[in-house]
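Open the model in your viewer and keep the selection panel at hand.

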Amino acid sequence: MTCSTEPLGITVLGSGSRGNAMLIHSGDAGILIDAGFSLKELRRRLRAAELPESIVRGIIVSHEHNDHVSGLRVCANHFQVPVFMTRKCADVMRHRDADLGQLSLFAPGGAFSVSSFEIEPFSVSHDANDPVAFVVRRGHCKIGVATDLGHAGSTVEYQLRHCNTIVLESNHDLNLLAASKRPWPLKQRIMGRHGHLSNAACAELLQRVVDSCTKNIILAHISQECNRPDIAEETARRSLAQIARPDIELTIAGQDNPSATVWNSF
């Protein structure tokens, strides 16, 4: 891949159980990771973030849960861009929506390119069909995105090291989850190895993957019922302070509106 002097930005358009989408972009090109909002809502969020629709070059799907794909077909048709997902995810999506159209398939561990971006998907532990997280590279910049996983093994740790920006799930506070009115089987699912990372698990993982390359961390998929942004932020900040990295810029991704763009440049 050719070296680029343009900064690489990541804008989380929304993150949570009611919808997920983020745009990684540089210059006049960008890739959309997930499309968990209606086209109308996604366009509103792009306008709010001052991002032109014309830069979208493709949509990459992490897994088939509705909060990540509810607007997929309509958005792909509107933007007239290819859609990328794993074969098992595609099987589920085609059964769900026969009009989905042509899909581009990838396998975990197999890198592919969209426009000037190189994407490397890797497997994660979540209760979906072949769920993946991503490393996205452009020039010398590297962004890691892992937003739905119940357990972080050696593959996740390896992929998230040496990233300039890490987008990582900090889904729930264990005490708030325990005190919630959610059914016990749902609580077990969330806390299980195929569920979601707690604030504590996120903080522990950050200590294992943050290195000298890491400049920005975005906390994502924060539960509105079983977490609070201030608790997630404080847990992460304590963890970063323990490894002498209080200098890292920490962003909390919200559900209702896009977060400020985080830029990477070298």
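Start with the salt bridges, of which the count is 15; a salt bridge here is a side-chain nitrogen of Lys or Arg within 4 Å of a carboxyl oxygen of Asp or Glu. Side chains of opposite charge can pair when their charged atoms come close. This is a predicted model, in which local features need pLDDT of at least 70 and side-chain atom pairs count only at pLDDT 80 or more, while totals for chains, interfaces and linings use all residues. Residues are numbered from 1 along each chain as its sequence is written, and side-chain values use heavy atoms, with hydrogens and water left out.

**Stop 1: helix H1.** Select Arg45 and Glu41, a salt bridge whose closest N and O atoms are 2.7 Å apart. Both sit in helix H1 (residues 39–48), four residues from each other, or about one helical turn. Helices are DSSP runs of H or I with at least four residues, strands are E runs of at least two, and both are numbered from the N terminus. Arg45 is buried at 4% relative accessibility, whereas Glu41 is partly exposed at 22%. Buried means under 20% relative accessible area, exposed over 50%, and partly exposed in between (1.4 Å probe, protein chains only).

**Stop 2: helix H9.** Select Glu233 and Arg237, which form a salt bridge with closest N and O atoms 2.9 Å apart. They lie four residues apart in helix H9 (residues 229–242), about one turn of the helix. Glu233 is partly exposed at 26% relative accessibility, and Arg237 is partly exposed at 35%.

**Stop 3: Asp247 and Arg245.** In this salt bridge the closest N and O atoms are 2.9 Å apart. Asp247 is partly exposed at 49%; Arg245 is buried at 13%.

Stop 4: Colour domain 1 (8–107) and domain 2 (149–253) separately; the bounds come from an automatic or database domain assignment. Their C-alpha centres are 23 Å apart. How many residues of each domain are in contact? Eleven residues of domain 1 meet eight of domain 2, contact meaning heavy atoms within 4.5 Å. Together the domains bury about 630 Å², 60% of it on carbon and sulfur atoms; buried area is the accessible area (1.4 Å probe) that two parts lose on being put together, summed over both. Select Ile10, Val12 and Ser15, which supply 54% of the area that domain 1 buries against domain 2. Between the domains the count is zero salt bridges.
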